[in-house]
Amino acid sequence: MQARPTPYLDDLNPAQREAVETLDGPVLMLAGAGTGKTKALTARIVHLLNTGRARPNEILSVTFTNKAAREMKDRVGRMLGQTVEGMPWLGTFHAISVKLLRRHAELVELKSNFTILDSDDQLRLMKQLIAASNIDEKRWPARQLANVIDGWKNRAITPDKIPAAEAGAFNHEGPRLYAEYQARLRELNAVDFGDLLLHCVTIFQTHEDVLAQYQRWFRYILVDEYQDTNVAQYLWLRLLAAGHKNVCCVGDDDQSIYGWRGAEVGNILRFEKDFPGAHVVRLEQNYRSTPHILAAASSVIEGNQGRLGKTLWTEADEGEKVRLIGHWDGDEEARWVGEELEAMQQGTRGMRPYSLDDCAILVRASHQMRAFEDRFLTIGLPYRVIGGPRFYERMEIRDAMAYFRLVVSPDDDLAFERVVNTPKRGLGDKAQQTIQRIARDRGVNLVEGARIAVSEEAIRGKGGAALRVLVDDLDRWGRLTGDPDLTHMELAEQVLDESGYTAMWQNDKTPEAPGRLENLKELIKALEGFENLSGFLEHVALVMDNETEAEGAKVSIMTLHAAKGLEFPAVFLPGWEDGLFPSQRSMDEQGVKGLEEERRLAYVGITRAEEVCTISFAGNRRVFGQWQSQLPSRFIDELDEAHVEVLTPPGLYGGGYGAAGMAASASPEIMARQQSDLHDRASRADVYNSPGWRRLQSRSGERPVSQPRESKTQVIDMNAVAAYVIGERVFHQKFGYGAVAAIEGDKVEVDFEKAGTKKVVSRFICAADD
Ligand code: ATP
Ligand code: MG
């Protein structure tokens, strides 16, 4: 074979080169954050292709997110200096499993066009099973069953293999309900996320010929973020790798953060046992972060017991210390981050200017995002949310997708249930029960059941007529999926128009309706990038990190979990408070397991930063509608002071926020503010807990919001009394300081210093005591 140039090896250090050039046999790259594991893994793919060791489709390469897969594909192309054709087996465990499963669906009694359920559908199905078993769902909620079943699936346990010790799960009904749930999924021709892996493992274990075929096919296997594989993924991998044994896994035990989802860090520690003779490579030079950031991260992770332990060093300039700042409450924190981001674009505090694209906000819990989103919308700061199914979780999007799912697969009963009376077709509970009964009795899907109900006149009148139209339409749309003259975008639009779904929102007079119509348009736009409807549906089911990108720079907001493997010049880590981070659950737990996982998450967070890392905490926070006063995170105390600079929030409360916490800084002014605010908050908490608020929430049809938006509270605030005078300086929780411009009943118009003129409910402002 002719030797080809290998420029991609030139910018690797000797240890990385060793990992790249050791092509035969098992290789484990075990190293800390930012040491170039992913870079080396990518170079290894390039090397395999370049040396002719494997064709693109013979390399199985597993990444942790779809975004990481895309990036890796791009980088391989760049390193090779040409676009890579193929690489069909570069993706997440789930994405690769879908491909395998579509090819062999019949081996697990599915059809190849099976639907992938999301967690909502999954819960709905479980609710039905629980109801049918006469179990009190209040005592035994579906979500708990979902956790139990997911747990089994993560450990590759099928219903017939539940260990005796776990038979008592879910009030002793767990094993039976698991079996019924699986049976029901088969009837629906559907799988949930856990099944994707589990079915593949079952196929490999029961069909030697199929397994052998793939063992031969995948000459080289590579896995990034190996520390976060669960048992099912581990088995999947071990079965496939048993052929050529050319498996290269990279990971960092300090970054294992998916234990709660069944990941077992033990997998990485066991690698050498599983693959005897494995070549182990350790990397120690960090290329990502400044020494201060690296040292601060190390000082936190040192609190964990039982680590493998690593030394990390860097040649980078000293740079900024990790910045620490305390705030009054979560909204204040969001306001400060917004201002800081604006300042950072110009260059502030002696630092270089940063584009918004360079900046990321990494939160512990996704509900923290709301305050930032609200704030950024208020000040017009562009942002993107990464890693959340936010867009696809919206009611109108889910409805529309249910129509598309039915068009693609009429067996999708859950989708049928969702849309049969949306828009209203006069098909109430009774009619729907009739359809269910007929379908059950005849052993057909609900669409077929509905067809029979109409033709046998089991459902008559207006509802019957509407149902006939729906069933006929579904048939027709289904046939149109194959029409070469109609694009799938046109078909999708046609489905939404002809079903009356678009009209439903056009006729809706609520303030949300225009936004929903916008979202539907956006959905059609999103279809463009796909060959057909099923490709799109599969993508949505799998992809949690796709957001339609508009032009211009944006700050990224995501959870710490979603930030794994990524890096940003400037990182904000808000909400470092006990009970939030580390989470309450991990603190309540016996032993240190949960807490250690939180600490690893803190390590992951800090090590995402290249140049600037800002940690913040708030003294008060609204958690699930209740105000709580917060203590700074214990992880803040663990930060080595030598690498931390404490910032003072501008103006408001004077200085004095340190790692010691807010309590120490209680000036008389703050005490007074605190009292008036606490009073304000108590009344607000009452509002959020009132039956009226809850009704409002359920009526809006969205999943319950853990942190209600203030704008909505105006609807139910009836008896507030305005006690302000024009010109008076006031403070509003969300908009900050301003002067009263006008008073109308219980509403007050305020010229806010930062947020402009707004009409707010008087109860939610207080006199500024300065
Ligand atoms: P994590 O544990 O966070 O996933 P990682 O070990 O995968 O980190 P990479 O993301 O591969 O690290 O690399 C971190 C940064 O260092 C990247 O910007 C990468 O381009 C750079 N880098 C890696 N190796 C080298 C090298 N030999 N020379 C220069 N830069 C490097
Ligand atoms: Mg990496």
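Guide: Two residues are in contact here if their C-beta atoms, placed from the backbone, lie within 7 Å. The model is predicted, and local features need pLDDT of at least 70, side-chain atom pairs 80 or more, while totals for chains, interfaces and linings use all residues. Residues count from 1 along each chain as written, with chains lettered from A and ligands numbered from 1 in written order.

Visitor: Thanks! Which residues does Val265 touch, then?

Guide: Gln227, Asp253 and Ser256, once residues up to four places away in sequence are set aside.

Visitor: And where does Val265 lie?

Guide: You'll find Val265 in the loop that runs between strand E7 (247-251) and helix H12 (266-269). Strands (at least two residues) and helices (at least four) are DSSP runs.

Visitor: Why is Val265 called buried?

Guide: Because 25 other C-beta atoms lie within 10 Å of Val265; the cut-off for buried is 20 or more, with 12 or fewer for exposed and partly exposed in between.

Visitor: New topic: which residues does the "binding site" annotation cover?

Guide: According to the unreviewed UniProt entry, it covers Ala31, Gly32, Ala33, Gly34, Thr35, Gly36, Lys37 and Thr38. Such annotations may be inferred rather than shown by experiment.

Visitor: Let's take Ala31. Is that buried or exposed?

Guide: Ala31 is buried, because it has 25 other C-beta atoms within 10 Å. Ala31 sits in strand E1 (residues 27-31). Leaving out residues up to four places away in sequence, Ala31 touches Lys37, Asp252, Arg282, Leu283 and Lys310.

Visitor: What about Ala33, where does that lie?

Guide: In the loop that links E1 to helix H3 (37-50). Ala33 is buried too, with 25 other C-beta atoms within 10 Å. Beyond its neighbours within four places in sequence, Ala33 contacts Asp252, Gln255 and Thr607.

Visitor: Okay, which residues come nearest to ligand 1?

Guide: Gly36, Lys37, Thr38, Lys39 and Tyr287, out of 17 residues around ligand 1 (C-beta within 6 Å of the molecule). Of these, Gly36, Lys37 and Thr38 are also in the "binding site" annotation.

Visitor: Which element gives the largest share of that shell?

Guide: Helix H3, with three residues.

Visitor: Last one: how is the protein divided into domains?

Guide: Into domain 1 (7-101 + 198-283), domain 2 (115-188), domain 3 (291-388 + 550-665), domain 4 (391-443 + 454-542) and domain 5 (671-767). Those bounds come from an automatic or database assignment. Between the C-alpha centres of domain 2 and domain 3 there are 37 Å.
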